Amino acid sequence: MIPIDYSTGFVIYIFIWMLTLAFLWIREEWREKEHEWEREKDILSFCDNCHYAFLAKYNENITRCPRCNGMVIIRKRRSGI
Ligand SMILES: [Zn+2]
């Protein structure tokens, strides 16, 4: 067996713990990016004819209602939501 004194053994012990913590930290950061919440780009729209609520694309001004196929003018709020 390789003879090591207490201070060298302590440094190796701390080094192994730091490597373990770094590995767990990097893994947690990676997992957080994988399951990150994203704000929905689509906006909630309401049909004036049948009062059906649906999601419309953000960059559209006019779309069709999925239920009654009527034209719906999308009103955007100033806050950008
Ligand atoms: Zn409708």
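Donors are the N, O and S atoms within 2.8 Å of a metal (3.2 Å for Na, K and Ca), and because water is not among the atoms, sites may look incomplete. In this structure, a zinc ion is coordinated by the SG atoms of Cys47, Cys50, Cys65 and Cys68 at 2.2 to 2.3 Å. The model is predicted: local features need pLDDT of at least 70 and side-chain atom pairs count only at pLDDT 80 or more, while totals for chains, interfaces and linings use all residues. Residues are numbered from 1 along each chain as its sequence is written, and side-chain values use heavy atoms, with hydrogens and water left out.

**Zinc site**

- The 4 donor atoms subtend angles of 105 to 117° around the zinc ion, which makes the arrangement tetrahedral (four donors with all angles between 85 and 135 degrees).
- Along the chain, the donors of the zinc ion follow the spacing C-x2-C-x14-C-x2-C.
- Strands (E, at least two residues) and helices (H or I, at least four) are DSSP runs, numbered from the N terminus.
- Cys65 is buried, with a relative accessible area of 2%; buried means under 20%, exposed over 50%, and partly exposed in between, with a 1.4 Å probe and protein chains only.

**Loop residues with positive phi**

- Most residues other than glycine have a negative phi.
- His51, although not a glycine, has a positive phi of about 55°. His51 lies in the loop between S1 and S2 and counts as exposed at 67% relative accessibility.
- Asn69, also a residue other than glycine, has a positive phi near 65°. Asn69 is found in the loop between S3 and S4 and, at 48% relative accessibility, counts as partly exposed.

- Phe10, Tyr13, Ile14, Trp17, Met18, Leu21, Phe23 and Leu24 form a nonpolar surface patch with about 880 Å² of accessible area together. Such areas come from the Shrake-Rupley method with a 1.4 Å probe, and for residues only the protein chains shown count as cover.
- Patch residues have over 30% relative accessible area and no salt bridge; nonpolar side chains (Val, Leu, Ile, Met, Phe, Trp, Tyr) are joined within 5 Å, and like charges within 9 Å. A salt bridge is a side-chain nitrogen of Lys or Arg within 4 Å of a carboxyl oxygen of Asp or Glu.
- Trp17, one of the patch residues, is located in helix H1 (residues 6-34) and is partly exposed, with a relative accessible area of 45%.
- Thr8 also lies in helix H1 and counts as partly exposed at 34% relative accessibility.

**Domains and separations**

- The domain assignment, automatic or from a database, gives domain 1 (1-37) and domain 2 (43-73). Their centres, taken over C-alpha atoms, are separated by 53 Å.
- Trp37 is found in the loop between H1 and S1 and counts as exposed at 82% relative accessibility. From C-alpha to C-alpha, Trp37 and His51 are 29 Å apart in space and 14 residues apart in sequence.
- Thr8 and Gly70 are 62 residues apart in sequence, with 77 Å between their C-alpha atoms.
- Ala53 lies in strand S2 and counts as partly exposed at 36% relative accessibility. Ala53 and Tyr6 are 70 Å apart, C-alpha to C-alpha, and 47 residues apart in sequence.

Methods: Tetrahedral: all angles 85-135°; square planar, octahedral: opposite > 155°, others 65-115°.
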